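Please describe the pockets, cavities and sheets of the structure shown below.

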Amino acid sequence: MAGIRIINLVKKFGEVTAVDHINLDIKDGEFMTLLGPSGCGKTTTLRMIAGLEVPTDGEIYIGDKIVSSPSKGIFIPPEQRNIGMVFQNYAVWPHMTVFDNVAYPLKIRKLPKDEIEKKVMKALEMVRLKGFENRYPHQLSGGQQQRVALARALVMEPEVMLLDEPLSNLDAKLREEMRFEIKELQKEIGVTIVYVTHDQAEAMAMSDRIAVMDKGKIHQIGSPWEIYKRPADAFVAGFIGLANFLKFDDARIEENYAEVTLFGGKVKVRCAPPLKKKGELVFVVRPSEIDILESPAENTVAGTVKRATFLGDIVDYLVDVEGEEIRVQTKATTLYKEGTVVYLKINHGVLVRLT
């Protein structure tokens with residue numbers, strides 16, 4: 001297996017900079033996700049790692065081998081990079097059986113027949129499709145077709161697997177099942193995976209680390225916990241999960257913690273300090289980090305319920321507090337109706353830079 005090192009990678013399409021001097025060090029055996037909205041540069045980055053796009057500038061290493069460097073005149077074609085790739089559309093050939101779909105890249109390399117059979121059956125067993133080798137794609141579910149695509153990528157025994165939104169065409173239940181199957185498979189074989197998605201839940205459930213991208217730049221790299229609990233800036237905080245952005249009256253920032261004062265001094269919250277040192281600050285609190293109380297208490301502020309949405313285990317509230325709308329999610333033990341005056345206690349939050 002192999003890690004990946006990206007140094008000052010740039011990709012321009014005419015006057016448009018799709019990828020803007022990004023740096024990324026992916027460890028051997030790591031599950032790294034490139035996460036961001038459409039047009040942020042994540043798929044272009046993946047395609048440059050694969051060799052399907054030629055970088056404008058920068059360098060890419062797979063293991064110790066440099067595979068792309070425009071300044072040094074180096075560009076190793078995709079077939080020589082020892083990678084497997086799975087796309088959003090499964091790209092399985094409808095006229096071929098499952099076995100022949102998976103065997104195709106091995107036949108192109110003209111491997112002996114008995115070696116092809118051994119490798120194909122091993123790959124099908126990995127993705128739990130043993131016994132399906134004689135079926136055609138139209139006889140399979142969407143999830144099974146995606147497993148065929150995975151098996152075809154695995155059969156080459158690649159050092160790196162690149163997956164570009166492979167679950168987006170599946171229904172919600174299948175997506176959830178496949179998330180865990182891909183993660184378990186990655187643990188089992190230890191292959192390095194670079195995964196592209198715009199789905200935050202997918203990224204949080206599967207990744208060892210996440211690189212959050214926007215407008216061709218990486219805003220933050222970290223574990224799912226770090227990205228969610230300690231966002232580097234307002235973009236990351238807003239893109240990962242639900243967040244309230246609140247104005248504050250005053251902030252005291254120490255090395256390991258901060259304290260903010262809100263709502264004219266009614267509320268003080270000890271919180272995480274900003275990761276970025278420069279720029280305008282905003283206070284971020286997740287809806288799950290706010291309690292709703294029936295009566296006033298110390299360090300609370302009054303508000304009026306504007307909307308209450310019952311979601312089974314939780315109730316999702318929109319509460320008006322002195323002209324600010326605050327999203328709150330609590331366990332469904334009590335349901336406050338619209339128009340009810342309630343009191344909010346903010347338990348935790350984080351100071352972030354706006355950019």
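## The largest pocket

About 660 Å³ of space lies in the largest pocket, where a pocket is, on a 1 Å grid over the protein atoms alone, an open set of points where a 1.4 Å probe fits, with protein on both sides within 12 Å along at least five of seven lines. A volume here is the space filled by probe spheres set on the points, with grid points joined across faces, edges and corners. The lining comprises 22 residues, of which Ile83, Gly84, Met85, Pro105 and Met156 are the closest to the pocket centre; a lining residue has an atom within 4 Å of a point. This is a predicted model, in which local features need pLDDT of at least 70 and side-chain atom pairs count only at pLDDT 80 or more, while totals for chains, interfaces and linings use all residues. Residues are numbered from 1 along each chain as its sequence is written, and side-chain values use heavy atoms, with hydrogens and water left out.

Two or more lining residues come from each of β7 (83-86), α2 (98-108) and α4 (142-154), and β7 gives the largest share, four residues. Helices (H or I, at least four residues) and strands (E, at least two) are DSSP runs, numbered from the N terminus. By class, the lining holds 16 nonpolar, three polar and three charged residues; Ala, Val, Leu, Ile, Met, Phe, Trp, Tyr, Cys and Pro count as nonpolar, Asp, Glu, Lys and Arg as charged, and the others, Gly among them, as polar.

## Helix α2

Helix α2 has as its buried residues Val98, Phe99, Asn101, Val102, Ala103, Pro105 and Leu106, buried meaning under 20% relative accessible area with a 1.4 Å probe and protein chains only. These buried residues pack against α3 and α4, contact being heavy atoms within 4.5 Å. Just after α2, lysine 110 takes a positive phi of about 60 degrees.

## The second largest pocket

The second largest pocket has a volume of about 250 Å³. Its lining counts 13 residues, and the closest to the centre are Lys122, Met126, Leu154, Val155 and Glu157. Helix α3 (residues 113-126) gives the most to this lining, with six residues, and the class division is eight nonpolar, no polar and five charged.

Six strands form an open sheet with mixed pairing, in the order β7-β8-β9-β3-β10-β11; two strands pair if DSSP finds at least two bridges between them. Strands β7 and β11 (217-222) are the edges, each pairing on one side only, and the twist averages 15 degrees from one strand to the next. Within the sheet, β8 (residues 160-164) and β9 (residues 192-197) pair in the parallel sense over five bridges, with leucine 162 having valine 194 in β9 as its bridge partner.

Helix α5 (residues 172-189) packs on the sheet, where it touches β3 (31-35), β8 and β9, and its direction makes about 140 degrees with that of β3. Axes are lines fitted to C-alpha atoms, for helices over the stretch in contact, and angles run from 0 to 180 degrees between N-to-C directions.

## Cavities

A search of the whole structure finds two cavities of 30 Å³ or more, a cavity being a set of points where the probe fits but cannot get out. The largest cavity has a volume of about 60 Å³, and its lining consists of Tyr228, Lys229, Pro231, Val284, Val285, Arg286, Glu289, His348, Gly349 and Val350. Helix α7 (224-229) and strand β16 (281-285) are the elements that give two or more residues to this lining, whose classes are five nonpolar, two polar and three charged.

About 40 Å³ of space lies in the second largest cavity. Among its lining residues are Leu150, Leu154, Met161 and Ile182; α5 gives the most, with four residues, and the lining has eight nonpolar, one polar and no charged residues.

## The antiparallel sheet

Five strands form an open sheet with antiparallel pairing, in the order β17-β21-β18-β19-β20. The edge strands, each pairing on one side only, are β17 (290-293) and β20 (324-331), and neighbouring strands are turned by 45 degrees against each other on average, direction ignored. Strands β18 (residues 301-310) and β21 (residues 341-346) pair in the antiparallel sense over four bridges, and threonine 304 stands opposite valine 341 in β21.

How values were computed. Buried < 20%, exposed > 50% of the residue type's maximum accessible area, 1.4 Å probe, protein only.
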